[in-house]
Number of protein chains: 2
Amino acid sequence: MESFEIIAEPNRRAILTLLVSSQQSVGEIERQLRMSQPTVSKHLRVLREAGFVESKVDAQRRLYRLKPEPLQEVDAWLAPFRRFWSAHLDALERHLDRMDQSTSTKRKTKRRPRGPNRKPNKGETK
Amino acid sequence: MESFEIIAEPNRRAILTLLVSSQQSVGEIERQLRMSQPTVSKHLRVLREAGFVESKVDAQRRLYRLKPEPLQEVDAWLAPFRRFWSAHLDALERHLDRMDQSTSTKRKTKRRPRGPNRKPNKGETK
DNA sequence: TCTAAATATACCTTGACACGTATATACTCT
DNA sequence: AGAGTATATACGTGTCAAGGTATATTTAGA
């Protein structure tokens, strides 16, 4: 399974979040997140095979702890978008600046001739 | 559908990546990503309803462009993990520093500047 | 008004996966 | 060795999402 699918599952995200603070045994995770033991074990297996966590044996217990790499990949995928929304903020600022100097100006040129409107879909801007 | 599930789908991630550079019509996305037109439209619908993109009408076309908020939420979820792996890097550095002292080896590559009570910089990824 | 282009949607099928229950495995302690 | 604890796995089941094909909707242009 692939990194983005792994963190698509809410229980797995919860487990990862738990493990940020410190390593935990299966039973501790089970109790804190109120999931069944097989469910926890199965999610941990998925996380382990994808490199999100690693385990070490401690008597009958297994202690699971985070490994950084897969989440760093996710983080890396986000990088271009971070640049995008920074640029977006800049554009908003420039726009507000223009509003400042042209608040009394009315737009007189229509962008393009339009026929009868169709019904807009949700999230569609006119 | 929820943000993490949305970006779990590879074609949707590809669409989002395409839209970082500029807005695109459905047909343009279809051709660049070699997906069928219904597939593109259906993914765009999912993305639109989740707020990842918005569309505006341009004659028979619809131009889709990115909206930042949902990916910013994903980014926010990652924040604690970034602190986690920064801490790991710091620990590694301290370890290497101790190695330095005990071996008197000269280091060839520079490390990050460090000081007492060092705090990570905003948006620091490394 | 007819046709072609661009996009959206309906319906169907298929596969993946998350969970529960039951059971297996591994380790500790007496 | 036997009992108890902690964890892993096997199996069956229901759900849901992704893609394909076919069709509907909207618009430009002749």
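The axes of helices are lines fitted to C-alpha atoms over the stretch in contact, and the angle between two of them runs from 0 to 180 degrees between N-to-C directions. In the predicted model described here, this convention applies to helix 2 of chain B and helix 3 of chain B, which pack at an angle of about 115° with their axes 11 Å apart. The crossing of helix 2 of chain B and helix 3 of chain B is right-handed. On the side of helix 2 of chain B, the residues that take part are Asn11(B), Ala14(B), Ile15(B) and Leu18(B), and these meet Ile29(B), Gln32(B) and Leu33(B) of helix 3 of chain B. By class, the residues of this contact comprise five nonpolar and two polar, with no charged residue among them.

Chain A contains five helices and four strands, and these elements follow one another from the N terminus in the order α-α-β-α-α-β-β-α-β. Of its 126 residues, 16% count as buried. Among the contacts in chain A with a separation of 6 or more, 47% are accounted for by residues 24 or more positions apart.

Within chain A, three strands form an open sheet in the order 1-3-2, and their pairing is antiparallel. Strand 1 (24-25) and strand 2 (53-58) of chain A are the edge strands, each of which pairs on one side only. Strand 1 of chain A is joined by two bridges to strand 3 (residues 61-66) of chain A, and the two run antiparallel; in this pairing Ser25(A) has Leu63(A), in strand 3 of chain A, as its bridge partner. Helix 4 of chain A packs on the sheet, where it touches strand 2 and strand 3 of chain A, and its direction makes about 115° with that of strand 2 of chain A.

Another helix of chain A, helix 5 (residues 69-101), holds Arg82(A). Arg82(A) and Val46(A) are 36 residues apart in sequence, and their C-alpha atoms are 29 Å apart in space.

The contact between the two chains takes 26 residues from chain B and 23 residues from chain A. On the side of chain B that touches chain A, two or more residues are given by each of helix 1 (3-6), helix 2 (10-21), helix 4, strand 2 (53-58) and helix 5 (69-103) of chain B. Helix 5 of chain B gives the most to this side, with 11 residues. The side of chain B that touches chain A divides by class into 14 nonpolar, four polar and eight charged residues.

DNA strand C is surrounded by 24 residues, of which the closest are Ser25(B), Val26(B), Gly27(B), Pro38(B) and Arg61(B). At least two residues of the surface near DNA strand C are supplied by each of helix 4 (37-49) of chain A and, from chain B, helix 3 (26-33), helix 4 (37-49) and strand 3 (61-66). Helix 4 of chain B gives the most to this surface, with six residues. By class, the surface near DNA strand C is made up of seven nonpolar, 11 polar and six charged residues.

Definitions and conventions:
Residues numbered from 1 in each chain as written. Chains lettered and ligands numbered in written order. Predicted model: local features only at pLDDT ≥ 70, side-chain atom pairs only at ≥ 80, totals over all residues. Near = placed C-beta within 6 Å. Nonpolar A, V, L, I, M, F, W, Y, C, P; charged D, E, K, R; others polar. Buried ≥ 20, exposed ≤ 12 C-beta atoms within 10 Å, placed from the backbone. Contact = placed C-beta atoms within 7 Å. Left-handed = near helix turned anticlockwise from the far one by under 90°. Pairing = 2+ DSSP bridges.
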